[in-house]
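Hello,

Here is the structure you will be working with. My notes on the sheet, the helices and the core follow below it.

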Amino acid sequence: MGDWVDVVLLDDDPELADRGIRQLRRGLAEHEIDTRAVGETAPDGSKGDATAFNAVAIALGGAGGMVPVLITILRDWIGRRAPKQRVKLTIGADSIELDSAATDEQQRLLEAFLRKHEAS
C-alpha cells in the first residue's frame, strides 16, 4: 500500500483534539482516503487521560493523484485549527510540525514533505 502519514493534533484539551481528528477523518472519508487509528499519547502536561484520541494515520499510497488531494484537505483542516493547536505529521522517521498560521512557507513545507514520500 505504501507509507502512512501519522497526523497528531497537539492540544492540551483531549476533547478538542478528538473533535479535530474526527473532523479530519470525515473530510478524508469524503474522498475515500484510507485511515486507521494511531495509538498516541497526550503531550506532556496535558489535561485528562493520557490516551488521547488525537491521532490518525492516513494512507499515502494508492491511486495516482492522491497526494494533491491530501495536501488540499490537510491545508484546509490545519487552517481551521485554533491558534494554540499544532499539527504533527510523521512518515517513517521524518516529521514536520505546523500550526494554523497558513503561511506560504508552511504550505510549501507541507507539500514538499508529502511529495517526498509519494513515490515510496
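**Trp 77 and its surroundings**

Leaving aside neighbours within four places in sequence, Trp 77 is in contact with Val 7, Leu 9, Gly 20, Ile 21, Gln 23, Leu 24 and Val 87. Please keep in mind that this is a predicted model.

Trp 77 also belongs to the largest nonpolar core, which has 27 residues. Val 7, Leu 24, Ile 58, Leu 74, Trp 77, Leu 89 and Leu 114 are the residues with the most contacts inside this core. Two or more core residues come from each of strands S1 (4-10), S3 (55-59), S4 (86-91) and S5 (94-99), and from each of helices H1 (14-30), H2 (66-79) and H3 (104-116). The most are given by H2, with 8 residues.

**The sheet**

An open sheet is formed by 5 strands in the order S2-S3-S1-S4-S5, with antiparallel pairing. S2 (35-37) and S5 stand at the edges with a single partner strand each, so one side of each has no neighbour in the sheet. On average, neighbouring strands are turned by 25° against each other, direction ignored.

Ala 37 has Val 56 in S3 as its bridge partner.

**Helices on the sheet**

H1 packs on the sheet and touches S1, S2 and S3. The direction of H1 makes about 20° with that of S3. H3 also packs on the sheet, where H3 touches S1, S4 and S5. For H3, the direction makes about 155° with that of S5.

Regards

Definitions and conventions: Residues are numbered from 1 along each chain as its sequence is written. This is a predicted model: local features need pLDDT of at least 70, side-chain atom pairs count only at pLDDT 80 or more; totals for chains, interfaces and linings use all residues. Side-chain values use heavy atoms; hydrogens and water are left out. A nonpolar core is a set of buried Ala, Val, Leu, Ile, Met, Phe, Trp, Tyr and Cys residues joined through side-chain atoms within 4.5 Å. Buried means under 20% relative accessible area, exposed over 50%, partly exposed in between (1.4 Å probe, protein chains only). Helices (H or I, at least four residues) and strands (E, at least two) are DSSP runs, numbered from the N terminus. Contact means heavy atoms within 4.5 Å. Two strands pair if DSSP finds at least two bridges between them. Axes are lines fitted to C-alpha atoms, for helices over the stretch in contact, and angles run from 0 to 180 degrees between N-to-C directions.
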